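Reader: I'm new to looking at protein structures. Could you show me how to read helix packing and pockets?

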Amino acid sequence: MSTKSAATAASPDRIFEVGYGFAACKVLLTAIELDVFTELAKEPASMDDLTRRVGIHPRSALDFFDVLVTLDFLHRDDGVYSNAADTDHFLDRAKPTYIGSIFRQVSTNHYPMSTKMTTGLRTGEVQIDRQKTEDDLFDFYEDAEQLDGFLQGQNEWNEPSSKMLPAAFAFDRYRTVADIGCAGGGLLKEILTAHPHLEGIGFDLPPVGPQFRSYIEQYGLGDRTEFIGGDFFKDPLPTADVLTFGHILHDWNPEIRKRLLRMAYETLAPGGVVIVIDAIVDSERKNAPLPLLLSLGMSLVTPHGGEYTDRDCEDWMRDAGFREIGVEHLIGFDSMVVATK
């Protein structure tokens, strides 16, 4: 009986799939930008009708829509296109479950930045001009236009996990929550809307205050929310039953992460809780590519930032004094690590 050699049995299909995966990524991002899924959520459509509704040229429309079929984002039956269940749920702009905003950020910022990865790996240097060192990581806050764009982007980027957190953690046991590095206020908005008994504090650099208050007041939460301007490298953290760090620790080196968790422990009363949300890497560093891909992206825009493993975060929390620690996946690449004093 003959057997095939490993070389003969091997297939390059997976290499082609990943090596040309950027094209599939861009097709999805473009479909989100064109609101293809939002249009089909209104009503299924033929190719000609959908081409007209999303405003593209007929030349490549058939290939564009059929690629989305092969990728299982769309269905096609008798020439009529409709959404797959997950795209209809998560990529219809009219639904509260919409997460397309994060992928508009990916298309505008992350996708172009990925072309600089080779240079970043060779040099170890940040690949954007405005973030040079950890000391001036957020110096652009002094520019109102840049700050507005950044805060809006942060709300969009954090939106999926922000929507998941209020149901994933038992906030009913607590009365106050402070979001450290609150940016535009998206996380607090979701928590306070879902839990009317809570009062919230947003803590961030002083220039964030006006945009934060304006955003929070849009949702009728101004009377339950306070903004405290401060710098967690210089000022104490606000006092609350729950402290959240949503996509904050990954900006900094491990020593700063440890320092922030020690500050959280010292601030909390016994029974208080800290919640860390980031793209947590699995402890074996081999089971989930998304957090590691995000970590590579962080290396292009921050001098020492990156994602970290669940075990790393647990160790930092124990060193700070926390003892009850748990990890739970939220959505996509994001997980939360929860610790109680």
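This is a predicted model: local features need pLDDT of at least 70, side-chain atom pairs count only at pLDDT 80 or more; totals for chains, interfaces and linings use all residues.

Reader: At what angle do the axes of H3 and helix H6 cross?

Author: The two axes cross at roughly 110 degrees and come within 10 Å. Angles of 65 to 115 degrees count as roughly perpendicular, so H3 and H6 are roughly perpendicular to each other. On the H3 side, the contact is made by Val27, Thr30 and Ala31, and on the H6 side by Phe64, Val67 and Leu68. Sorted by class, this contact of H3 with H6 has 5 nonpolar residues, 1 polar and no charged.

Reader: How are H10 and H11 oriented to each other, roughly parallel or roughly antiparallel?

Author: Start with the angle: helix H10 (residues 144-168) and helix H11 (residues 186-194) pack at about 25 degrees, and their axes are 8 Å apart. Angles under 35 degrees count as roughly parallel, so H10 is roughly parallel to H11. Their crossing is right-handed. H10 brings Asn155, Ser162, Lys163, Leu165 and Pro166 to the contact, while H11 brings Gly186, Leu187, Glu190, Ile191 and Ala194. Here the contact of H10 with H11 divides into 5 nonpolar, 3 polar and 2 charged residues.

Reader: And which residues in H13 meet H15?

Author: Pro254, Arg257, Lys258, Leu261, Arg262 and Tyr265 in H13 meet Trp316, Met317 and Ala320 in H15. By class, the contact of H13 with H15 has 6 nonpolar, no polar and 3 charged residues. Helix H13 (residues 254-267) and helix H15 (residues 310-320) pack at about 45 degrees, with axes 9 Å apart. H13 passes H15 in a right-handed crossing.

Reader: Now for pockets. How does one find empty space?

Author: Rolling a probe the size of a water molecule over the atoms shows where empty space is left. In this model, the second largest pocket has a volume of about 230 Å³.

Reader: Which residues line the second largest pocket?

Author: Its lining is made of Phe16, Glu17, Val18, Tyr20, Gly21, Phe22, Ala24 and Leu71. Helix H2 (13-19) and helix H3 (21-33) each supply at least two residues of that lining. By class, the lining has 6 nonpolar residues, 1 polar and 1 charged.

Terms used. Residues are numbered from 1 along each chain as its sequence is written. Side-chain values use heavy atoms; hydrogens and water are left out. On a 1 Å grid over the protein atoms alone, a cavity is a set of points where a 1.4 Å probe fits but cannot get out, and a pocket is an open set with protein on both sides within 12 Å along at least five of seven lines; lining residues have an atom within 4 Å of a point. Grid points are joined across faces, edges and corners, and a volume is the space filled by probe spheres set on the points. Helices (H or I, at least four residues) and strands (E, at least two) are DSSP runs, numbered from the N terminus. Ala, Val, Leu, Ile, Met, Phe, Trp, Tyr, Cys and Pro count as nonpolar, Asp, Glu, Lys and Arg as charged, and the others, Gly among them, as polar. Axes are lines fitted to C-alpha atoms, for helices over the stretch in contact, and angles run from 0 to 180 degrees between N-to-C directions. A crossing is left-handed if the near helix is turned anticlockwise from the far one by less than a right angle, and right-handed if clockwise. Contact means heavy atoms within 4.5 Å. Angles under 35 degrees count as roughly parallel, over 145 as roughly antiparallel, 65 to 115 as roughly perpendicular and the rest as oblique.
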